Amino acid sequence: MIKLNLKKDSLRKVNELLQNLDQKSNDRSFKIINPDGNHAICAGLKDEMDVTIEGHVGYYCAGMNMKADVTVNGNVGTGVAENMMSGSVHVKGNASQSAGATAHGGTLIVDGDTSSRCGISMKGIDIIVKGSVGHMSAFMAQSGNLVICGDAGDALGDSIYEAKIFIKGEPKSLGADCEKKNMNKKDQDLLKSLLKKASIDENQLTHFKMYGSARKLYNFNIDNVSEY
Amino acid sequence: MCGIVGLYLKNKKYNKDLGKFLTGMMNNMSTRGPDSAGFAIYSTERKKKYKYSICYNKNNIKEIKKNLSKEIKDAKIKIISDHFVLETSLKPVKVISIIKSYNNLNLVGYGSSIEIFKQVGNPRDVVNNFSLKNFSGTHAIGHTRMATESAITTDGSHPYSTGEDECLVHNGSLSNHNNLRRTLKKKGIEIKSQNDTEVAAGYISNGLSNKKSLKETLIDGLKDLDGFYTFISGTKNGLAIVRDEIACKPAVVAETKDYVAIASEFQAMAHLPNVNKAKIFEPEPGLVYSWGK
């Protein structure tokens, strides 16, 4: 375990170290202390490694992440794991707006709540929120899964494409073209695997409802279904 | 962009540190607003005494002081950078008309508790110029400005005060301020600049003068003020924060048993005592939160 202290080392130095890891190195476990709300901590990581951040973090934490596993023992600001490609980000506290925005892959787990626009324009990421999400979540979500164990704010899934939303609580209101769907066996298995990822009791499964696109707003063509 | 901060102390033992804490908060928000900065400090009110925060720019302060002392017999004048605070027991109507008779003075704000200072320049320099770290008090509000819709001048800087012991800072922009300015002027509210935030401050003054509470006024504002905003508003009794329903403009609150800190970003409050043990949350869109007596 290599300890990095943001009170001593500059943010740029710490990020550069993590972004340019020696490919032959076996030291792939890092702990960052004193994040003090700094922005863009662990942005642009592209190798397999474990990073734990002890404290609250600012904007765009672990943005564009590839392969790395980042854990935050605190809250995160706007745009955590935005545009993530693969790997995982686990926030033990709450997340601010636009968590997991535009992300193509990987897993984002938030133990607390997220504020508005969680999973906006998501393109393949799995987001699991153990608390509630704010308004306009999964706005224009194209692909991937958003699991919400609490409630959702206004206009959930507005203008949604082919992403799936699983929610245990209630959405305050649904956005345009978002509707409740029946869950088949395949959906249940998918949800089960997502709950497992976040160590949530899979007996909870039956309490969830599924939402998705009514496909009335965008030009959906069944012949292209395999593209989603 | 702009950065806004507020600090309400629940525990008196920190009163002497108010300026020091706010200095750190403003410095950490200088990246969000490098053009100008300002702050309002509330301290325990002194009965029958009023304080007038006045900007004298680069004029001859010795002469101004001499002349003012002739007109206001019990005037106590404290000079800080390009501002001075005039303390007197004379009635506000009278004092304001005297200040207005000097065309080289700008009244920034007045009241029995509030003192306001604002200046063009990087917030780090501004807080130094005013020696913010030496101020004590019960609560405070600060602003770091990235100018968008009106000029980079002291007049265009926050906080805005349009009534006794009131002030407002704003991150965002209002779209219906011209219309509202006309309506409020007809109601007798004085608005000096072309700035949108001053109109919102006038809106609050109008509400408070109609015997509404700060909270009630801000709730009404959700209907009447169109645009993007996170507002922090102060009175001598406390602070309130509200975000518009879309909530694009950020805000985070940290509450401990000793204080409530509000800021655009968490990094503004990372230096406050025990902040890592605080209850930290983002104000919900369209909800008014207030703290105070």
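## A cis peptide bond in chain B

Pro159(B) lies in the loop that joins β8 (139-145) to β9 (167-174) of chain B. The peptide bond leading from His158(B) into Pro159(B) is cis, and its omega is near -5°. The structure described in this report is a predicted model.

## Helices α5 and α6 of chain B

Two packed helices are described by the angle between their axes and the distance between the axes. For helix α5 (residues 177-186) of chain B and α6(B), the axes cross at roughly 40° and come within 9 Å. An angle between 35 and 65 degrees is neither roughly parallel nor roughly perpendicular, and α5(B) and α6(B) are therefore oblique to each other. Their crossing is left-handed.

On the α5(B) side, the residues that take part are His177(B), Leu180(B), Arg181(B) and Leu184(B). They meet Asp196(B), Val199(B), Gly202(B), Tyr203(B) and Asn206(B) of α6(B). Sorted by class, this contact of α5(B) with α6(B) contains 4 nonpolar, 3 polar and 2 charged residues.

## Helices α6 and α7 of chain B

Helix α6 (residues 196-209) of chain B also packs against helix α7 (residues 214-224) of chain B, at an angle of about 130° and with the axes 9 Å apart. The helices α6(B) and α7(B) are therefore oblique to each other. Here the crossing is right-handed.

The contact of α6(B) with α7(B) comprises 4 nonpolar, 3 polar and 3 charged residues.

## The buried side of helix α7

Which residues of α7(B) are buried? They are Leu214(B), Thr217(B) and Leu218(B). These residues cover an arc of only 95° around the axis, so they lie on the same side of α7(B). An α-helix has 3.6 residues a turn, so residues three or four places apart point the same way.

Against which elements do the buried residues of α7(B) pack? In chain B they pack against α6, β10 (227-235), β11 (238-243) and β15 (288-292).

## Where chain A meets chain B

The contact between the chains involves 13 residues of chain A and 10 residues of chain B. On the chain A side, the residues divide into no nonpolar, 12 polar and 1 charged.

Gly37(A) sits in the loop between β2 (29-33) and β3 (50-54) of chain A. This residue has contacts in both chains: Gly37(A) touches His56(A), Val57(A) and Gly58(A), and also Glu265(B), Phe266(B), Gln267(B) and Ala270(B), leaving aside residues up to four places away in sequence. Is Gly37(A) buried or exposed? Gly37(A) is buried, because 25 other C-beta atoms lie within 10 Å. Gly37(A) and Leu6(A) are 31 residues apart in sequence, and their C-alpha atoms are 11 Å apart in space.

## Positive phi values in chain A

Lys67(A) is not a glycine, yet has a positive phi of about 70°. Lys67(A) belongs to the loop between β3 and β4 (69-73) of chain A. With 14 C-beta neighbours inside 10 Å, Lys67(A) counts as partly exposed.

Ala155(A), another residue other than glycine, has a positive phi near 55°. Ala155(A) is found in the loop between β8 (143-148) and β9 (164-167) of chain A. With 21 other C-beta atoms within 10 Å, Ala155(A) is buried.

Terms used. Residues are numbered from 1 along each chain as its sequence is written. Chains are lettered from A and ligands numbered from 1 in the order in which they are written. This is a predicted model: local features need pLDDT of at least 70, side-chain atom pairs count only at pLDDT 80 or more; totals for chains, interfaces and linings use all residues. Axes are lines fitted to C-alpha atoms, for helices over the stretch in contact, and angles run from 0 to 180 degrees between N-to-C directions. Helices (H or I, at least four residues) and strands (E, at least two) are DSSP runs, numbered from the N terminus. Angles under 35 degrees count as roughly parallel, over 145 as roughly antiparallel, 65 to 115 as roughly perpendicular and the rest as oblique. A crossing is left-handed if the near helix is turned anticlockwise from the far one by less than a right angle, and right-handed if clockwise. Ala, Val, Leu, Ile, Met, Phe, Trp, Tyr, Cys and Pro count as nonpolar, Asp, Glu, Lys and Arg as charged, and the others, Gly among them, as polar. A residue is buried if 20 or more other C-beta atoms lie within 10 Å of its own, exposed if 12 or fewer, and partly exposed in between; C-beta atoms are placed from the backbone. The arc is that of the directions from the helix axis to the C-beta atoms. Two residues are in contact if their C-beta atoms, placed from the backbone, lie within 7 Å.
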